Structure formats: C-alpha cells, structure tokens
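Welcome! Have the sequence and the model at hand, and let us walk through a few of its parts together.

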Amino acid sequence: MAEYANNSQFPIPLRRMMKEIVVTGAAGFIGHHLVRHLDNDQIEVFGLDDGRTGDWNQVSSFVKPEYSPMEDLTFREMCDYLDRTDVLFHLAAEKYNSSKMTPEGVIEVNVRATDLLFRAAVHVGIPRIVFTSSLYAYGNLGPDPMSEDDIPQPRTHYGISKLTGEHLLRTACIGSKTSWNIARLLFIYGPEQYADGGYKSVIVTNFERLLNGLRPLIKGNGEQALDYVYIDDCIRALMSLSESSATGKTVNVATGKAVTVNHLIREMCIVAGVDFEPEYIEADWTNGTFRVGRNDHIRENFDWIPAVDLREGLTRTWNQMKKDKGS
C-alpha cells in the first residue's frame, strides 16, 4: 500500500483519496449487482470470491478481484486484505440450495471463516460492516409472517450458520468503534441470477422453460407463498444499511406481500406473452408453506420501501434472459 501522490512535501496515500469498500461474494448474484452499483470515481471496490458459485465475468471491470476461498485465509491475511477499508459488505456464504453443500462446508465458511473475518475487520478498525443474513435464520414456515421480534428457530445447518454469523458480528463489535447492520434477505430475484451448484429458482427454471416453448412446472398445489424482492430494491436496502447513522439493527429485506407460486406463474406467462397451463408435479417440502417477512423495521429505521413491483421485476428479468439467449 505504499502508493503516494506525486507531492514530496505532503505524501498522501493514493488509496485514501477514495472510499474503499470490500465485498465478499462479489461474483455472486447479489454481489455483482452491488459492485455494479458502487462503480463510480469516488469508490474503490475490492471483491473477494472464489468463483465456485458466482461468475467473475459478470462483475464490473473496475473491481479489484481476489479469488481466494475465504475459508483458506488466515486471520493475518484477512487483516492485511481489509486494512484501510471503509465499508465491508459480507455476502459470501455456502448457500442453502447448493448441490455441493455439506454441513461441514456450511460451518467452515459461514461460521469459522465468518468469525475470523469479523474479528479481523474490527481489529483493523473498519468503520461499518453490513452482513447479509437470511430468512432461513428464522425457521418459520408460516402461517405468520417473519418478524425481527420472533425467536429464531432455524431448521437447517444453513439457517443455524446465518444466525450464528449474526451473533458473531455483534460479539466482535462489542467495545469497538465499528458500527454494523444485518439484512435478513427474503427471496431476491432479478436478471443474471445464476444456478447455484445445479439449483435454480422457480423464476429462473420456469422462464427458461417458457423460452424453450415448454409449460411451466409447479410442485404441489402451487399455494405455497413467498416474498419476492427485486434485486435493485435489495441493493438499495444494503446501501441504506451501509450509509445510515442507524447501527446495530437487524432488519428484513422484504416486501411484506405473499405471492403464491400459482400467481407467480400466471404473472410470468403474462410477461412472456404465452397462455400455457402449468404442469403440476409431485410436491416437495415447500408445499403449504408461507414464507413472508414483515418490513416495519427497515421502513422505520432506514426509510426503505420496495419500489419495483412483481410485474415490472419479472419483465426486466424476462427481457434480460431473452437477450442472453439471443431471442
């Protein structure tokens, strides 16, 4: 970091002339959209991602990439990497629906490496940390909406690991000058959402089918309800958590609106301009679930409300997928 402005009287480190931001998981779906949003002359972005489930080709060229698996970095290496960082966005995680996921891998990345990362960040004095947690920290399958006031009862290693990450962040920051906020993400969707280790979301799977002239698939009766948040709204929420004077908050990034899979598929067919009847197949564990989040806390603390409705978000996603396919 020994780069200086050309001024022998007042040597000023060049990197401190810009705001420095580190994004872990920078090559992932949410990560590369966040990096793209941060692309301006006043910000220098450093992206950490091993590329296992993300795609570095989607990441803005101005970001400085680091390809190391986070779990392979030592505490000292993390300190060196984070030195002089102004904001840390910790998005990297071993994902819930990855076909490569094992309980051991989830704990290694989402707990052990995350603990080291947070302690290193506080050690070097990072002013602000934003951590993306998950609806799976709740373990709530309905019928009540998920609220930050609920007592979490996660049902999976992934949910346990994300809730543990929240506690590790709080613990690391006790007695420090580092401020922090936590975003519990609901179902984020939008253009350039990849398949993660073979898993594809309902939206990606069925838009691909519609692009190929196939009927959409619905597992079970289609009355399972989800809370869909468009990617641009998610990025605005993360930026609000990083820029606000509010600190120590855990908030849902959610619309508060229940969308059944039946309704979702009807909207997707309208957007795609087709009149296909869905094909109903064997139900899975999601049948009968109601996974919707309240958004009172983020509205009150960060003045955030979702701006992109479902029809508009699906239209943007469909148009990008058509473009990528060359249709």
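## Helix H4 and what follows

Just after H4, Gly175 takes a positive phi of about 75 degrees. This is a predicted model, where local features need pLDDT of at least 70, side-chain atom pairs count only at pLDDT 80 or more, and totals for chains, interfaces and linings use all residues. Residues are numbered from 1 along each chain as its sequence is written, and side-chain values use heavy atoms, leaving out hydrogens and water.

Helices (H or I, at least four residues) and strands (E, at least two) are DSSP runs, numbered from the N terminus.

## Aromatic pairs

Seven aromatic pairs turn up in a search of the whole structure. Rings of Phe, Tyr and Trp (its six-membered ring) pair if their centres lie within 6.5 Å; planes under 30 degrees apart count as stacked, over 60 as edge-to-face and the rest as tilted. The Tyr189 and Tyr228 rings have centres 6.0 Å apart and planes at 90 degrees, so this pair is edge-to-face. Tyr189 lies in strand S7 and Tyr228 in strand S10, so the pair ties together parts 39 residues apart in sequence. Both Tyr189 and Tyr228 are buried.

Phe207 and Trp318 form a tilted pair, 5.0 Å centre to centre with 45 degrees between the planes. Phe207 belongs to helix H5 and Trp318 to helix H9, so their pair joins parts 111 residues apart in sequence.

Key:
Buried < 20%, exposed > 50% of the residue type's maximum accessible area, 1.4 Å probe, protein only.
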